[in-house]
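Dear colleague,

I am passing on the structure we spoke about, together with my notes on it. Please open it first and read the notes alongside.

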Amino acid sequence: VQLQASGGGLVQAGGSLRLSCAASGSIFRVNNMAWYRQAPGKQRELVAVIASGGSTNYAESVKGRVTISRDNAKKTVYLQMNSLKPEGTAVYYCNARIISSEMREYVPWGQGTQVTVSS
């Protein structure tokens, strides 16, 4: 069971990016899926989380500019980021609570994708 993230890059302030993260392996169910970020010299922080039913929660710092969504059939979570600010520069990690086909819970992390916002 693993997560594969993609979609990072370099963008100017005010621009947009969409991150994707797909789960793979012998999966029975994917429960909560989330995005975290870690800026240089700082601790990893939660950006947004989405439950299997679609309810969402966001960090105060990104509310109104970021949208988390998921495609359960594709076992994929997305993070649409608009009006990006330089302080959004970080490595973004996806995370999920996954029940495997053997009914064992895994909480893997994606490999991280770099987002750099230039001023």
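Which residue in S8 is the bridge partner of Leu19? It is Leu79 of S8 that pairs with Leu19. Please keep in mind throughout that this is a predicted model.

The sheet around that pair

That bridge belongs to an open sheet of four strands, arranged in the order S1-S3-S8-S7 with antiparallel pairing. S1 and S7 (66-71) stand at the edges with a single partner strand each, so one side of each has no neighbour in the sheet. On average, and with direction ignored, neighbouring strands of this sheet are turned by 15° against each other.

S3 and S8 run antiparallel and are joined by six bridges, and S8 (residues 76-81) is also paired with S7 in the antiparallel sense, again over six bridges. S7 and S8 form a hairpin with four residues between them, and Lys75, in the turn, has a positive phi of about 55°. S8 itself is mostly covered, since five of its six residues are buried.

The pairings of S11

Strand S11 (residues 113-118) is joined to S2 by four bridges, and these two strands run parallel; in this pairing Val11 stands opposite Val117. S11 is also joined to S9 (residues 90-100), here by three bridges and in the antiparallel sense, with Thr113 of S11 as the bridge partner of Tyr92. The two faces of S11 can be told apart by their cover: Thr113, Val115 and Val117 make up the covered face, whereas Gln114, Thr116 and Ser118 make up the uncovered one.

The disulfide

A search of the whole structure finds one disulfide, which joins Cys21 to Cys94 with an S to S distance of 2.0 Å. Because Cys21 lies in S3 (residues 17-24) and Cys94 in S9, the pair ties together parts that are 73 residues apart in sequence. The torsion about the S-S bond is about 60°, so the disulfide is right-handed. Both Cys21 and Cys94 are buried.

The core

The largest nonpolar core holds 30 residues, and those that touch the most other members are Trp35, Val47, Leu79, Met81 and Tyr92. As a general point, nonpolar side chains tend to be buried together in soluble globular proteins.

The loop at Gly8

Is Gly8 buried, exposed or partly exposed? Gly8, which lies in the loop between S1 (2-6) and S2 (9-12), has a relative accessible area of 33%, so it counts as partly exposed. Leaving aside residues up to four places away in sequence, Gly8 touches Leu17, Leu19, Thr113, Gln114 and Val115. Gly8 and Cys21 are 13 residues apart in sequence, and their C-alpha atoms are 11 Å apart in space.

With best regards

Definitions and conventions: Residues numbered from 1 in each chain as written. Predicted model: local features only at pLDDT ≥ 70, side-chain atom pairs only at ≥ 80, totals over all residues. Heavy atoms only, no water. Buried < 20%, exposed > 50% of the residue type's maximum accessible area, 1.4 Å probe, protein only. Contact = heavy atoms within 4.5 Å. Pairing = 2+ DSSP bridges. Axes fitted to C-alpha atoms, helices over the stretch in contact; angles between N-to-C directions. Disulfide = S-S within 2.5 Å. Core = buried A, V, L, I, M, F, W, Y, C linked by side-chain atoms within 4.5 Å.
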